[in-house]
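Welcome, and thanks for taking a look at this one. Please have the sequence and the 3D view open while you read the notes below.

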Amino acid sequence: MKADRHVKIVLPCCNEGEWLRLTVDSILEHTDYPSFEIFILANGDRKTDFSFLRKAAYRKRVRFKRVAEPLGVGNSINRAVWPGDAAYYVFLDAHCLIPDHDWLQKTVRCLEEHPRASMVQPEVLGFVYRKKIEPGGALEPSLVEEKDFAYSIRWAWPYRDLSEISEVQAHRKSNVAYQAMAGGGMAVFARAAIFQRLGGYDPEVAGWYPETMDYCVRAWMLGYPMLVEPRVRILHRLKSEGYGYEKSYLDVVHGILRTAYKYLSPRRQDLAETLFRKHGLELEVKQAKDRIGRGRWLEERAVHQRDRVHDDDWLFSKFQVYEERSGW
Ligand SMILES: [Mn+2]
């Protein structure tokens, strides 16, 4: 029988190498919380040495599951959780460091003080680490170069280039927990019951941040807020040598358009397509629409429309998603 406030920390791993071990070590060394487990979901991984997990120090706290194919972040997390497994989830990139011992206490307190919150993002401090970690080697703290903060992501329509369709909020808006549009992935705290009720991440949305945005947009419209908890900090490594999960514009275009098709008004579906077309992504829009057409967006839209408590006018106005209509 698990404790009422049991926390499951999920680490999807696709070719993270030594950083997986450093992340696990950082969690084990810096977590005072009494009831937690780590669940590693290796997917499509051809690079990481998982043999360290056989040591006794890890066996008590860490569970490991491996699938051959790369699943992407959202589907890895969906596979790693099931109803009744925990009260709270932490979804963490497998290249993170935990600076404070009370991080889980503070996280759980935030989720308990805000019982409708679907998701909480901590203060994410990006860092660069330029030296290669040798197999079994330690991290040199003096080489951790702290860079920028990230608190949440907000749609910003339109945009000057593709990176700006979603805008990272790099400054905290308050010193206590506050509402924001969406998390950016990297480090996510979620209430298990709501995550299960919402069916987890959209399995058709892949890569980078769109799966987290999709989840938050859906949750907001169903009446479950997303919060930033700036009093909890996670260090997240900014990779300089490429990404474990392949980043492609097609995934971003598809993810955002699919969210628009499922949850937004037809006018905003058209607007999202136009935004991408204006930036020369005709081919991606076409491929994304083909992919959406093969999926089940219409049934999902019908269910969402039946259950939602807010429409997209409310959402866009709440987060001041700016839509420019002139000049098209
Ligand atoms: Mn990452």
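Is Gln 320 buried or exposed, and how many other C-beta atoms lie within 10 Å? Gln 320 is exposed, because 10 other C-beta atoms are found within 10 Å and a count of 12 or fewer puts a residue in that class. Please keep in mind that this is a predicted model. The mean pLDDT of the protein chain is 92, and 93% of its residues reach 70 or more. Over residues 242–246, however, the pLDDT is below 50, and beyond near neighbours in sequence this stretch has eight contacts in the model.

**Domains**

- The protein chain is divided into domain 1, covering 7–237, and domain 2, covering 249–318.
- Taken over C-alpha atoms, the centres of domain 1 and domain 2 are separated by 25 Å.
- Where the two meet, 20 residues of domain 1 are in contact with 18 residues of domain 2.
- On the side of domain 1 that touches domain 2, the residues divide into 14 nonpolar, two polar and four charged.

- α3 is mostly covered, with eight of its nine residues buried.
- Among the buried residues of α3 are Gly 72, Val 73, Asn 75, Ile 77 and Ala 80.
- The buried residues of α3 pack against β1 (7–13), β2 (36–43), β4 and α6 (210–221).
- Asp 85 lies in the loop between α3 (72–80) and β4 (88–92), and it counts as partly exposed because it has 15 C-beta neighbours inside 10 Å.
- Asp 85 and His 6 are 79 residues apart along the chain, yet their C-alpha atoms are separated by 8.3 Å.

**Helices α8 and α9**

- Two packed helices are described by the angle between their axes and the distance between the axes.
- Helix α8 (residues 266–278) packs with helix α9 (residues 282–294) at an angle of about 145°, and their axes are 7 Å apart.
- Glu 273, Phe 276 and Arg 277 in α8 meet Glu 282, Glu 284 and Val 285 in α9.
- The residues of this contact divide into two nonpolar, no polar and four charged.

**Positive phi values**

- Most residues other than glycine have a negative phi.
- Met 186, in the loop between β10 (178–180) and β11, has a phi near 60°, a positive value in a residue other than glycine.
- Met 186 counts as buried because it has 22 C-beta neighbours inside 10 Å.
- Gln 320 has a positive phi too, near 50°, and lies in the segment after α11 (312–318).

Terms used. Residues numbered from 1 in each chain as written. Predicted model: local features only at pLDDT ≥ 70, side-chain atom pairs only at ≥ 80, totals over all residues. Axes fitted to C-alpha atoms, helices over the stretch in contact; angles between N-to-C directions. Helix = DSSP H or I, 4+ residues; strand = E, 2+ residues; numbered from the N terminus. Contact = placed C-beta atoms within 7 Å. Nonpolar A, V, L, I, M, F, W, Y, C, P; charged D, E, K, R; others polar. Buried ≥ 20, exposed ≤ 12 C-beta atoms within 10 Å, placed from the backbone. pLDDT = per-residue confidence, 0-100. Domains from an automatic or database assignment.
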